[in-house]
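Biologist: I would like to learn how to read this model feature by feature. Where do we start?

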Amino acid sequence: MKSRERVFRELLERLTKSPLYIEKLGNRNVTRLSLAQIGLLPLTRKEELRRAGSFGHLAVDMREVAQYHESFGTTGEPSASWFTSKDLKTGGKQMRECGVGLNPDDLVLIRFPYAMSLPAFLMQHAARQAGAGVVPASGRTPVTPYPRVLELMRRLGVTIVAGLPREMELLAETARLLGSDIKKDYPDLRALCVAGELTGELRRQHIERLWGVPVFNLYGSTETGNIAAMCEHGIMHIVEKDFVVETLAEDGFAPVDPGAKGFAAITTLTHEASPLLRYFNEDVVSVEACACACGRTGSKLVHYGRAKDRIRFGEIVLDGKDIQDAVYSLVPAPDAWKAVEQADGIRFLLDSHRRKEWSEEGVRARLSERLGVPVDVEFAAEGMLLDRDELVRNAPSKKPVYIQRNGDAAPDAPAANPVRDWLGRGRRKLIDGRFSEARRLFGQATAFDPSDAEAHALLAAAYGRLIEAGNMLEKIKLLPQLEKEIAAALAIDQKLPFARRMNGARLLNTPGTLGGDPSAAAEEFRYCIAHGQADADVWVSLSECYMKLGDSRQAIESLRQALDRSPKHVRANEWMRQLAGNSEASPSDGEVREDQ
Ligand SMILES: [Zn+2]
């Protein structure tokens, strides 16, 4: 094997063919510098890379190029990277450094997005080198929504899933919504490999608890390849054959002490097509030598998040990992969360299907104690952070936003599709009781894309709320509009649970002479419950159907289901009292029916 010193000299030689470095280094002859003198060379900033354009750091002839990748930064300007066949092979080896130990018996489901981004391809090369099989089940595409990925995993006996950590959390939540026990239903699954997002130790352990298998973390980027991989002892070892990772102080860029936090500067020793020298990737890391029981010699790396996610309150500096660790120290850990920077602290939005186990005061105290700053807590309404309907339907996965800094224009990434934006804002208006504004936003969405079933169903929901709140004249005026929107939603997508729910409400609330039918309504609500919409309100509506049908035993059972989910539900409690008083059926009578 070549010495690192020799590989470094070869890199310096290669840089003389890269337009970016020809310009940066001018007529300085750097090819005789040793690795210890790396600090004498200039840093490469992200901005420079973007300004240099797609070909700016291409250091090989186009005929040697095997693949091109791009990643989008916050500015929307892409950072480019080029790969020769040898680079891809090297990238595969970098992934194989991982303690998961890929082998020919493995069937690896790759959930990383395949379009433009790198990890899917490196994992693919790693699997091929190890003789393992691959199931390409890309994220961010309508071809492989969450339920289909779960079905593939089960049917094919997938042994390893590789993807963003968020995908592992969302797959677990989808499985739960579909009534599956993930620890039992995937007996062949033996490990998960995650990359592409910050995964602190507490988040990693949370995902291990969700799935009941070991989780291996990988750290890299599109511009560099995979820089560090987790071994079987949970240590992130730097792949030192291929990378030099320096840790620099924020001001002045002097090296920090081993093990101290600093900003990463990555030098790609072996990358042929688009080599990088001291690439300042704006990540906060610490690096120190370690003697690990696994026998790997590479230094240990800890990733603390991106510089742009760092929040300061006076002397207190909070990195992405500090915030993430605090969130994942909660019991239960949330299914979805977002931290919003405020002038004097952090506001947390949290969502968990086990939220009954949280107290607002307990959660607030816990987060505030861990972070050392004032904390505000809001338990997010259904659909605000996590749309569980979308998970169980054929909706593609999306890019999450965890930390929202002061001055970020919009709460989410810029809306590529205005319909999603209008629907999101309309939903919040519905929750806030601003029904006319919700109707306007949903109306815009249906006008912009008349083929969007969800938009029609939501518009129907807005009409429903206006009808409830309005006088008789308004009811007569709005009812046909509500019926029209429900019919449109069902004509486009008969399986959409939310459209079925609206239809159930219509059948329940319309008098029999005008087409109402409580029995058909009950069927619609049972459909919703079987398809992931089993919140307290649906159970209360189902109970109302049974009351109209004169079946008080079923009505009570449905109310009990509602109260299990939301013990303080006003209407459920009130009806329960009335029914339990009037009926001979006691609340402990009978079992919940199978088809519910
Ligand atoms: Zn190790």
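This is a predicted model: local features need pLDDT of at least 70, side-chain atom pairs count only at pLDDT 80 or more; totals for chains, interfaces and linings use all residues.

Biologist: Which residues of α20 are buried?

Modeller: Gln-554, Ala-555, Ile-556, Glu-557, Ser-558, Leu-559, Gln-561, Ala-562 and Leu-563.

Biologist: Now the metal. Which residues are the protein donors of the zinc ion?

Modeller: Cys-231, Cys-292 and Cys-294 each give SG, and His-237 gives NE2. These donors lie 2.1 to 2.3 Å from the zinc ion. Along the chain their spacing reads C-x5-H-x54-C-x1-C. Cys-231 and Cys-294 link distant parts of the chain, 63 residues apart. Cys-231 sits in the loop between β9 and β10, Cys-294 in the loop between β13 and β14. Both cysteines are buried.

Biologist: What is the geometry of the zinc site?

Modeller: Ideal angles for four tetrahedral donors are 109.5 degrees. Here the angles among the 4 donor atoms run from 101 to 115 degrees, and the site is tetrahedral.

Biologist: And the core? Which residues touch the most other members of the largest nonpolar core?

Modeller: In soluble globular proteins, nonpolar side chains tend to be buried together. In this model the largest nonpolar core has 33 residues, and Phe-8, Leu-41, Val-245 and Leu-301 touch the most other members. Elements giving two or more residues include α2, β11 and β12. α1 gives the most, with 5 residues.

Biologist: What does Leu-301 touch, leaving out residues up to four places away in sequence?

Modeller: Its contacts include Tyr-219, Met-236, Val-245 and Val-285.

Conventions. Residues are numbered from 1 along each chain as its sequence is written. Side-chain values use heavy atoms; hydrogens and water are left out. Buried means under 20% relative accessible area, exposed over 50%, partly exposed in between (1.4 Å probe, protein chains only). Helices (H or I, at least four residues) and strands (E, at least two) are DSSP runs, numbered from the N terminus. Donors are N, O and S atoms within 2.8 Å of the metal (3.2 Å for Na, K and Ca); water is not among the atoms, so sites may look incomplete. Four donors count as tetrahedral if all angles lie between 85 and 135 degrees; four count as square planar and six as octahedral if opposite donors are over 155 degrees apart and all others between 65 and 115; anything else is irregular. A nonpolar core is a set of buried Ala, Val, Leu, Ile, Met, Phe, Trp, Tyr and Cys residues joined through side-chain atoms within 4.5 Å. Contact means heavy atoms within 4.5 Å.
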